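Below are my notes, in the order I looked things up.

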Amino acid sequence: MRNQAPPATGVVPLRPAAARRAAAPPAPVPVPVPVPVPAAPPPREPLWRDLVGDVLRRERLAQERTLKDVADTARISMPYLSEVERGRKEASSEVLAAAARALGLSLGDLLSRAQGELVRLTGRAAPAGRSTARAPYDGLCLAA
């Protein structure tokens, strides 16, 4: 056996190196992809129970009365009245009327103030075509 080096194997290019570089497609330039900016959601309309609770609390504080005093006068439990004021409970019309009377308001006064607060917060007036000019009251009607 003879000690021979194996024949050199190599790759023979079909095109010269200069032609290969010229034929290669240019490297892609990264294009910045615009990231969509999410539109701000429209402001949420306040819940009725939050508005009524705010009116009750504001009136109670304006009269410098304690929660216990108003709850006792209205014959409502103090924790329940607190939750109504914070908008955590959806109070019945009887409970709202009792709380309003304890503060020297009628149920209509309470609901009218809550409606005024709703209009103020949402910036919406009554829809066009609804006329309340002929109504004998200035308040809000609720139907069950």
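**Confidence.** I checked pLDDT, the predictor's confidence in each residue from 0 to 100. The protein averages 82, and 69% of the residues score at least 70. Over residues 131–135 the pLDDT is below 50, and beyond near neighbours in sequence this stretch has zero contacts in the model. I count a contact when heavy atoms lie within 4.5 Å.

**Ground rules.** This is a predicted model, so I ask for pLDDT of at least 70 for local features and 80 or more for side-chain atom pairs, while totals for chains, interfaces and linings use all residues. Residues are numbered from 1 along each chain as its sequence is written, and side-chain values use heavy atoms, with hydrogens and water left out.

**Overall layout.** I found six helices and zero strands, in the order α-α-α-α-α-α. Helices here are DSSP runs of H or I with at least four residues, strands are E runs of at least two, and both are numbered from the N terminus. Of the 144 residues, 22% count as buried. Buried means under 20% relative accessible area, exposed means over 50%, and partly exposed is in between (1.4 Å probe, protein chains only). I also noted that 63% of the contacts with a separation of 6 or more join residues 24 or more positions apart.

**The core.** Which residues touch the most other members of the largest nonpolar core? I got V52, L56, I76, L81, L96 and L110, out of 22 residues in that core. Such a core is a set of buried Ala, Val, Leu, Ile, Met, Phe, Trp, Tyr and Cys residues joined through side-chain atoms within 4.5 Å. The elements giving two or more residues to this core are α2, α3, α4, α5 and α6 (107–122). α5 gives the most, with five residues. I then picked V52: leaving aside neighbours within four places in sequence, V52 is in contact with L96, L110, L111 and A114.

**Helix α4.** I went through residues 78–85 and listed L81, S82, V84 and E85 as the buried ones. These residues sit on the same side of α4, because they cover an arc of only 160° around the axis, taken from the directions from the helix axis to the C-beta atoms. They pack against α2 (48–62), α3 (67–74) and α5 (93–102). S82 counts as buried because its relative accessibility is 14%. Not counting residues up to four places away in sequence, S82 touches R57 and L67. After α4 comes G87, with a positive phi near 75°.

**Salt bridges.** My rule is a side-chain nitrogen of Lys or Arg within 4 Å of a carboxyl oxygen of Asp or Glu. By this rule I count nine salt bridges. R57 and E85 meet in one of them, at 3.1 Å from N to O. That pair joins helix α2 to helix α4, 28 residues apart. E85 also meets R60, at 2.7 Å. R60 is in α2 and E85 in α4, so this pair ties together parts 25 residues apart in sequence. I noted R57, R60 and E85 as a linked network of salt bridges.

Is E85 buried or exposed? E85 counts as buried, at 3% relative accessibility. R60 is buried too, at 9%, while R57 is partly exposed at 30%.

One more pair: R65 bridges to D69, with the closest N and O atoms 2.7 Å apart. R65 is buried at 18%, and D69 is partly exposed at 33%.
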